[in-house]
Amino acid sequence: MALSPPKRYEILVDKLENPRKCTVQVLKSREDFALRFFAGNNPIPPFQADCLLHIDGEDLSQMDTTGIQSLGLIDCTWKKVAPTMQRITRPFPRLVRIPEGFVTAYARKNKKGEDPAAGLATIEALFIAAAFLGFWDESLLEKYYFKDAFLKDNEALWQKYKLGPHA
């Protein structure tokens, strides 16, 4: 039996999220993607990725990323992140985070009708983290409606961190 090649991106997606608003589900047919869905309170199998994007992780701009070939990410609302993390079987991959300053182009509103001051669309966070790992791949954003605005709005940070065409 042939083993399937490792996936570069492993995304854990909340089944209760609106699929029309999900920015990563359109990538599920890619060879380098593994999308897993979760719901309820069942245990979640461990991540196979080398690192997991998390707010409490090491700053990607400050760490040695040598040897990191895959990235894990949880796609759910902020209030579900902690309970979801508790359900994931240990050990966790290395926790990493995106440095502050990146901005979203995704049009979103909270219950008060305001655009939250911080936060990124899942595909934006994935793209930024991948860029820090040396994977500048604009095809990740191929089906993202806000691609051009997102790339333009963060131009100064691409230059600051020497990412992508500025490397």
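Predicted model: local features only at pLDDT ≥ 70, side-chain atom pairs only at ≥ 80, totals over all residues.

**Strands, helices and a few residues**

Biologist: How many bridges hold β1 and β2 together, and in which sense do they pair, parallel or antiparallel?
Modeller: Strand β1, which covers residues 9–14, pairs with β2 over six bridges, and the sense is parallel.

Biologist: And what about β1 and β4, how many bridges there?
Modeller: There are five bridges between β1 and β4, again in the parallel sense, and one of the pairs joins Glu10 to Gly72 of β4.

Biologist: So what is the strand order in the whole sheet?
Modeller: The sheet is open and has five strands in the order β2-β1-β4-β3-β5, with parallel pairing. Its edge strands are β2 and β5, the latter at 94–97, and each of these pairs on one side only. From one strand to the next, the twist averages 45°.

Biologist: Back to β1, are its residues buried or exposed?
Modeller: Strand β1 is mostly covered, with six of its six residues buried. Tyr9, Ile11 and Val13 point one way from the strand, while Glu10, Leu12 and Asp14 point the other way, and the residues of both groups are all buried. In general, side chains in a regular strand alternate between the two faces of the sheet.

Biologist: Which strands does α1 lie across?
Modeller: Helix α1, residues 78–87, lies across β1, β2, β3, β4 and β5, and it runs at about 115° to β3. Helix α2 also packs on the sheet, where it touches β1, β2, β3 and β4, and its direction makes about 165° with that of β4.

Biologist: Stepping back for a moment, how many helices and strands does the chain have?
Modeller: The chain comes to four helices and five strands, and from the N terminus on they follow the order β-β-β-β-α-β-α-α-α.

Biologist: What share of the residues is buried?
Modeller: Of the 167 residues in the chain, 44% count as buried, and the accessible surface comes to about 9,900 Å², with 52% of that belonging to carbon and sulfur atoms. Among contacts with a separation of 6 or more, 67% are between residues 24 or more positions apart.

Biologist: Now Phe38, where is it found?
Modeller: Phe38 is in strand β2, which spans residues 33–38, and it counts as buried because its relative accessibility is 6%, under the 20% cut-off.

Biologist: What is Phe38 in contact with, sequence neighbours aside?
Modeller: Leaving aside neighbours within four places in sequence, the contacts of Phe38 include Leu12, Val13, Ile44, Ile74, Asp75, Thr84 and Arg87. Between Phe38 and Asp75, which are 37 residues apart along the chain, the C-alpha separation is 10.0 Å.

Biologist: Switching to Glu124, why does it count as buried?
Modeller: Glu124 counts as buried because its relative accessibility is 0%; its place is in helix α2, residues 122–132. A polar atom of the Glu124 side chain lies 2.9 Å from the backbone nitrogen of Ala121.

Biologist: Last topic, the cysteines: how many disulfides does a search of the structure find?
Modeller: A search of the whole structure finds zero disulfides. Cys22 is buried, with a relative accessible area of 10%, and Cys51 counts as buried at 0% relative accessibility.

Biologist: Where is Cys51 found, and what is it in contact with?
Modeller: Cys51 is found in strand β3, and beyond its neighbours within four places in sequence it is in contact with Ile68, Ser70, Leu71, Gly72, Pro93, Arg94, Val96 and Leu133.

Key:
Residues numbered from 1 in each chain as written. Heavy atoms only, no water. Helix = DSSP H or I, 4+ residues; strand = E, 2+ residues; numbered from the N terminus. Buried < 20%, exposed > 50% of the residue type's maximum accessible area, 1.4 Å probe, protein only. Contact = heavy atoms within 4.5 Å. Polar contact = N/O pair within 3.5 Å; in protein donor to acceptor, adjacent residues only side chain to side chain. Pairing = 2+ DSSP bridges. Axes fitted to C-alpha atoms, helices over the stretch in contact; angles between N-to-C directions. Disulfide = S-S within 2.5 Å. Areas by Shrake-Rupley, 256 points an atom, 1.4 Å probe, with all protein chains shown as cover.
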